[in-house]
Amino acid sequence: MVKPLLSFALLCLFYSQAHALASEPKEFRQVMKAHGGKSEFYRMRDVQFIRQVCTPPSSNKCSRILERFLFEDEKSFGEYVSDPPPHRKEWFDGNSIRITQPKPSPKTLKAARIRRQASYWWFSLPFKLGDDGLQTQRRKPRTLEGTPYRILELRFKPGVGHASDTYLIYLDPQNLIRWVHFTQHELRPNQWFLMKMELHEVSGIQLFSKRTLFESNEKGELGKVMEAHTLSQIQFWNGFTEQDFVPPKLHQEPFSFYE
């Protein structure tokens, strides 16, 4: 099994629970509209896809995860299909994590929960901008790889989520997210990262079909490439229910519980 360098370290620790602001900032409404529309996205109800993680991107050291999300309560399932059988599985029902692994450590359980919630965050990022508890402001425009971008800074209000990090959203003239410049103080104090977003339209929604992680600094300079996440076989409207995000009665596969 391949363990990506930042398979959960790069993944964000911000977990807001609501889906709407009473008054969403104009810039965020523009971003959500450019990506296909917030109501249109949530109307899809659920999604399934394969996520391949390569560390580094040019290597053959890759893992493949079958992902399923139910947008209501941000339920998430992951099956590590590139692992030797029986495949490791993770269920997150919006509150608790369950995994198929005998006697995991608390650290392992916490990491699984982070992976499930963070994977959902990156997939739905343009539409999460309408969540409650965000503090936003405009920043000076920046140029990256010769292209100028408008910058929106977002932070979480005190008491919201599990992180006090900074996220700078790089927007092109069409209000599409092209890069995210962010920190992960809990996991990598004083370290900045850049995530490059490549878009692909599915059912009218502009999704991040590939995300490439780079080292960076406070100035937003591009450093060494670290890993790449590529999504394929993206399918909305699969008819998933809440029961698909709770493990069945496992007779031969032990599972552990973390809340």
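**View 1. Strands β2 and β3 form an antiparallel pair.** β2 (residues 62-70) and β3 are joined over 6 bridges. Two strands count as paired if DSSP finds at least two bridges between them. Strands (E, at least two residues) and helices (H or I, at least four) are DSSP runs, numbered from the N terminus. Across the pair, Glu 67 stands opposite Gly 78 of β3. The hairpin has 4 residues between the strands, and Asp 73 in this hairpin takes a positive phi near 65°. The model is predicted: local features need pLDDT of at least 70 and side-chain atom pairs count only at pLDDT 80 or more, while totals for chains, interfaces and linings use all residues. Residues are numbered from 1 along each chain as its sequence is written, and side-chain values use heavy atoms, with hydrogens and water left out.

**View 2. Strand β3 is covered on both faces.** In a regular strand the side chains alternate between the two faces of the sheet. Lys 75, Phe 77 and Glu 79 lie on one side of β3, Ser 76, Gly 78 and Tyr 80 on the other, and all are buried. Buried means under 20% relative accessible area (1.4 Å probe, protein chains only). Because 6 of the 6 residues of β3 (residues 75-80) are buried, the strand is largely enclosed by the rest of the structure. β3 also pairs with β4 (residues 89-92), in the antiparallel sense, over 4 bridges. Here Glu 79 has Lys 89 of β4 as its bridge partner.

**View 3. Helix α3 is kinked at Trp 122.** The kink is about 55° and comes shortly before Pro 126. The bend at a residue is the angle between axes fitted to the seven residues ending there and the seven starting there. The end C-alpha atoms of α3 (residues 106-128) span only 28 Å, whereas a straight helix of 23 residues would span 33 Å at 1.5 Å a residue. The expected span is 1.5 Å times one less than the number of residues. Of the 23 residues of α3, 19 are buried, so the helix is largely enclosed by the rest of the structure.

**View 4. The largest nonpolar core has 39 residues.** A nonpolar core is a set of buried Ala, Val, Leu, Ile, Met, Phe, Trp, Tyr and Cys residues joined through side-chain atoms within 4.5 Å. Phe 41, Phe 71, Phe 123, Leu 125, Ile 177, Val 180 and Phe 236 touch the most other members. α3 gives this core its largest share, 6 residues. Another core, of 9 residues, lies apart from it; Tyr 149, Ile 151, Tyr 170 and Leu 194 are among its members.

How values were computed: Buried < 20%, exposed > 50% of the residue type's maximum accessible area, 1.4 Å probe, protein only.
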